[in-house]
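Here is a friendly walk through one chain, from its overall make-up down to a few single residues. Please keep the sequence and the model side by side as you read.

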Amino acid sequence: MAQVELIMPKMGESIMEATVLKWLKNVGDSIEVDETVLEIATDKVDSEVPSPVAGVLAKILFEESEVVEVGQAIALINTEGEAPSDVSTPAPKAEPAAATNGQTNGSPATQKTTAPSMATETVAAASKISSDRFYSPLVKNIAKTENIGLAELEQVPGTGRDGRVTKKDILAYVENRGEAAVSSEQTAVSSGQVTGGSSQPVAVSRPATSVSGNVEIIEMDRMRKLIADHMVMSKRTSPHVTSFVEVDVTNLVNWRNKNKNAFQQKYGEKITFTPFFIEAVVKAIGDLPMINVSVEENKILVKKDINIGMATALPSGNLIVPVIKNADQLNLLGLTKSVNDLANRARDNKLKPDEIQGGTFTVTNVGTFGNVMGTPIINQPQVAVLATGAIRKKPAVVETEYGDLIAVRQMMFLSLSYDHRVVDGFLGGSFVRKVGDYLEAFDVNRGI
């Protein structure tokens, strides 16, 4: 009887771990090839894990709600169809080996067993910080960004398995750390004391909130918590600056009103304004490619691919950002098909993990909600995000060969938030103006 490990799959280039949401099979159940065994969730998307072989589920290694590293075995499957002789309780996750470069950390009691697969061993080894305590790459990155040294990180209480520090733990610590520092400074000032050196910040708890009977308390769902963490992380990571321009899109609006019915009859697709906005963004990125970058420590990574994320509101009120890959290679029809397809499947929770990965620039249409402008938060690790406001009729000055005239025009605001570490005002302001120029220069005689 052969036994096969069911491995936690890699869900994207930046995904290092996933949470077990629900086991769809119990120990002893028969499993077909490609049949779904469990549901998992990352900080990007929920997904299903199919079985690579047919057999019987012999052992479940991790329970629901537990966090598992990519490449780690999560279950054992007997491929000869024999039921297991006993039902085992979930095993603890394997720790990375303590030996480094052939040297051990000390006594045999401090040595750890190796992970069950090469992928897990590689990930775990890369996530060690010269300590017997395990830290995920995400936790290490947050600690580095916040200038938290190893000694301080060792003091962060962990709520994960075996006391592991989770993303939630480190973010909560950072938030309280800042409050503690401010509190200490205020105390020193009020007492007339000036400290000559810095002391280790101490995590403090928030004061209890008094709630009356007229207040409803709603627990955040998993996705809302992830969104909240991502937004806070982005504001901590990037110094945000926002530039605005007002754009005359009269030609664009007139063209769409004239051709939208014919476009739908010819191609079977409704055409919204979003494809036009993305088309203009793609052209502007071609002119100013340094907006299509990300930052890694002190390096700027210039992305040759132009992958446009489009923020999409879900029926639950949450937000997801599917990505149109290689948007610069699509014409207006291709962009329209991609926009409609991704938006529809996002609302039906049918997006694939790869379809929300790899974005290099994001567009969010706040005009959908009747807002004229916004100050969007950057979708890390990108360095810029464009918000498109509502299109409204307004009196505007129109330059003609006979002089300036006042006319009713279709006007809108564009708002670009950008990371001031690498995008200065000249580049950010020039880029949003360039997008506006392309929209204003829309050819009203363009064919469909």
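Helices and strands here are DSSP runs numbered from the N terminus, helices (H or I) having at least four residues and strands (E) at least two. Please bear in mind that this is a predicted model.

## The chain as a whole

Let us begin with the overall picture. The chain holds 9 helices and 19 strands. It has 448 residues, of which 41% count as buried. Its exposed surface comes to about 23,800 Å², with carbon and sulfur atoms supplying 51% of that area.

Contacts can also be sorted by how far apart the partners are in sequence. Taking those between residues at least 6 apart, 63% join residues at least 24 apart.

## Helix α7

Helix α7 covers residues 274–287, 14 residues in all. From first C-alpha to last it reaches 20 Å, close to the 20 Å expected at 1.5 Å a residue.

Is this helix enclosed or open? Of its 14 residues, 11 are buried, so α7 is largely enclosed by the rest of the structure. The buried residues of α7 include the run from Thr274 through Pro275, Phe276, Phe277 and Ile278. Glu279 is also among the buried residues of the helix, as are Ala284 and Ile285.

Helix α8 spans residues 332–347 and contains Asn340. Asn340 has a relative accessible area of 14%, under the 20% cut-off, and is therefore buried. Which backbone atom does the side chain of Asn340 reach? The side chain comes to 2.8 Å from the backbone oxygen of Lys270. Setting aside neighbours within four places in sequence, Asn340 is in contact with Glu269 and Lys270.

Salt bridges with shared partners join Asp341, Arg345 and Glu355 into one network. Asp341 is partly exposed, at 36% relative accessibility.

Side chains of opposite charge can pair when their charged atoms come close. The whole structure contains 13 salt bridges. In one of them, Glu35 pairs with Lys25, and the closest N and O atoms are 2.7 Å apart. Glu35 is in the loop between β3 (30–31) and β4 (36–41), while Lys25 is in the loop between β2 (17–23) and β3, so this pair ties together parts that are 10 residues apart in sequence. Glu35 is partly exposed, with a relative accessible area of 26%, whereas Lys25 counts as buried at 14%.

Another salt bridge pairs Lys394 with Glu246, with 2.6 Å between the closest N and O atoms. This pair links distant parts of the chain, 148 residues apart: Lys394 belongs to strand β18 (residues 392–400) and Glu246 to strand β9 (residues 240–248). Lys394 is partly exposed at 22% relative accessible area, and Glu246 is partly exposed at 31%.

## Backbone features in loops

Most residues other than glycine have a negative phi, and most peptide bonds are trans.

Asn147 has a positive phi, near 60 degrees, and is not a glycine. It is found in the loop between α2 (137–145) and α3 (150–153). Is Asn147 buried or exposed? Its relative accessible area is 63%, over the 50% cut-off, so Asn147 is exposed. Glu297 also has a positive phi, near 55 degrees. Glu297 lies in the loop between β10 (293–296) and β11 and counts as exposed at 54% relative accessibility.

Gln380 and Pro381 are joined by a cis peptide bond with omega of about 5 degrees. Pro381 is in the loop between β16 (361–365) and β17 (384–388).

## A nonpolar surface patch

Which residues make up the nonpolar surface patch of about 230 Å²? The patch is made by Met290, Ile300 and Val302. Ile300 sits in strand β11 (residues 299–302) and is partly exposed, with a relative accessible area of 42%.

Methods
Residues are numbered from 1 along each chain as its sequence is written. This is a predicted model: local features need pLDDT of at least 70, side-chain atom pairs count only at pLDDT 80 or more; totals for chains, interfaces and linings use all residues. Side-chain values use heavy atoms; hydrogens and water are left out. Patches are made of residues with over 30% relative accessible area and no salt bridge: like charges are joined within 9 Å, nonpolar side chains (Val, Leu, Ile, Met, Phe, Trp, Tyr) within 5 Å. Accessible areas come from the Shrake-Rupley method with a 1.4 Å probe; for residues, only the protein chains shown count as cover. A salt bridge is a side-chain nitrogen of Lys or Arg within 4 Å of a carboxyl oxygen of Asp or Glu. Buried means under 20% relative accessible area, exposed over 50%, partly exposed in between (1.4 Å probe, protein chains only). A polar contact is a pair of N or O atoms within 3.5 Å; within protein, one must be able to donate a hydrogen and the other to accept it, and residues adjacent in sequence count only if both atoms are side-chain atoms. Contact means heavy atoms within 4.5 Å. The expected span of a helix is 1.5 Å times one less than its number of residues.
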